[in-house]
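Work through the exercises below with the sequence and the 3D view at hand. Each task is followed by a worked solution.

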Amino acid sequence: MRTVQYTNQVCLTFPSRSANEAFARSAAAAFAAQLDPTLEEINDVKTAVSEAVTNAIVHAYPDRIGKIVMKLRQKEGQVLEIVVRDWDWLKKQYNPDNWQ
């Protein structure tokens with residue numbers, strides 16, 4: 001079994017306020033920029049992050065403010081991995097501090 005190698009990664013945690021969707025979108029685009037993507041690819045990243053963060057906010061925290069976690073990883077071969085989760089889901093599935 002081959003172990004996945006990450007050349008860079010960052011994990012962001014922010015309140016589930018709709019205003020933070022724009023922050024997450026911009027942060028993901030800035031992280032992706034190190035891969036030298038096309039403008040179309042950057043726009044695709046921003047759209048995907050926008051949808052994922054909005055879904056996490058709307059479905060995980062419809063009537064309260066919670067935490068959203070976004071992990072961005074650059075893998076070997078210029079591959080970008082983006083994972084967006086709500087904190088409550090992470091607590092049920094994993095120890096969030098050691099989330100891999």
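The model is predicted.

**Exercise 1.** Find the residue in strand 2 that is the bridge partner of Cys11, then describe how the two strands are joined.

Solution. Begin at Cys11 and cross to strand 2, where its bridge partner is Lys71. Next, take the strands as a whole: strand 1 covers residues 6-15, and nine bridges join it to strand 2. The two strands run antiparallel.

**Exercise 2.** Which residue in strand 3 stands opposite Ile68, and how many bridges join strand 2 to strand 3?

Solution. Opposite Ile68 stands Asp86. Strand 3 spans residues 79-86, and eight bridges connect it with strand 2 in an antiparallel arrangement. Then turn to the hairpin that these strands form: three residues lie between them, and Gly77 has a positive phi near 80 degrees.

**Exercise 3.** Decide whether strand 2 is mostly covered or mostly open.

Solution. Strand 2 consists of residues 67-75, nine in number, and seven of them are buried, so the strand is mostly covered.

**Exercise 4.** Over which ring does the charged end of Arg73 sit?

Solution. The charged end of Arg73 is over the ring of Tyr6, 4.3 Å from the ring's centre.

Definitions and conventions
Residues numbered from 1 in each chain as written. Predicted model: local features only at pLDDT ≥ 70, side-chain atom pairs only at ≥ 80, totals over all residues. Heavy atoms only, no water. Buried < 20%, exposed > 50% of the residue type's maximum accessible area, 1.4 Å probe, protein only. Helix = DSSP H or I, 4+ residues; strand = E, 2+ residues; numbered from the N terminus. Pairing = 2+ DSSP bridges. Lys NZ or Arg CZ within 6 Å of the ring centre and 35° of its normal.
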